[in-house]
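User: Hi! I would like to learn how to read aromatic ring pairs in a protein model. Could you walk me through it with an example?

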Amino acid sequence: MKGRLVASALLSLIGGHAFAADAVSVEPAAVHDWSGVYVGGQIGYGFGKTDATYNLPNTPTVRGSQDYDADGFLGGVQIGYNYQINAAVLGVVADFSGADIKGHSGEITSGLSDSYDTKVDWFGTLRARAGYAFDRTLVYGTGGLAFGSVENQYPYNGFSEKNTKIGWTIGAGLEQAISDHWSASFEYQYVDLRDQTIDFAPNSNTTFDNTFNTVKIGMNYKF
């Protein structure tokens, strides 16, 4: 009788420990929380084509338009805020980048060695973000206001126009949480800083289509 009681007690004890171990092993891991203010930095590359459209009615040898490549490196900082509702993540972000995005056209007028130059010195954006979180992985779309310094030149005759332009941007990105506070990101944006026109004389001008793409990698710290 005593043997059976001791055996029963041991089985109960072993079963209790096994149940407790199972309970611990199936406890779900904490889900990453994307909500909060974050700051960070990013580096990247800008690239695209500048479309220069001529309106020179008294110069028939000049072509009507010309496209030329513009590209270069960029880097800057960002600050933003996310608010998570279940798996949906909504937010706003502002960023600012110094840039060295340059373009140089081919020969405009045959035999004169004249050309156009384009340069973006800096640009920034103020955007909304909306995404879906797969725990520590966030996939999102983004869009909003863009602004930047754009200079277009016609060096042959010394004409130049440099202004701070305001336009728009749209893009998408992927962000991966490394810890509760740190995350790494990859982002693509299309930026349109609107047209800019250099006037040479009445009814004689060139309009530049100031658009480019960016790809950026960055790091963020969430408070």
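User: Is Y45 buried, exposed or partly exposed?

Analyst: Y45 is partly exposed, at 29% relative accessibility. Here buried means under 20% relative accessible area, exposed over 50%, and partly exposed in between (1.4 Å probe, protein chains only). A word on the source: this is a predicted model, where local features need pLDDT of at least 70 and side-chain atom pairs count only at pLDDT 80 or more, while totals for chains, interfaces and linings use all residues. Residues are numbered from 1 along each chain as its sequence is written, and side-chain values use heavy atoms, with hydrogens and water left out.

User: How is a pair of aromatic rings described?

Analyst: By the distance of the centres and the angle of the planes. Rings of Phe, Tyr and Trp (its six-membered ring) pair if their centres lie within 6.5 Å; planes under 30 degrees apart are stacked, over 60 edge-to-face, and the rest tilted. That rule gives 13 aromatic pairs here. In one of them, Y45 and F73 have ring centres 5.0 Å apart and planes at 75°, so the pair is edge-to-face. F73 is exposed, with a relative accessible area of 61%.

User: Which pair is formed by Y154, and are its residues buried or exposed?

Analyst: Y154 pairs with F200 edge-to-face, 5.3 Å centre to centre with 65° between the planes. Both Y154 and F200 are buried.

User: Which rings are linked into a cluster?

Analyst: Ring pairs join Y54, Y116, Y154, F159, F200 and F208.
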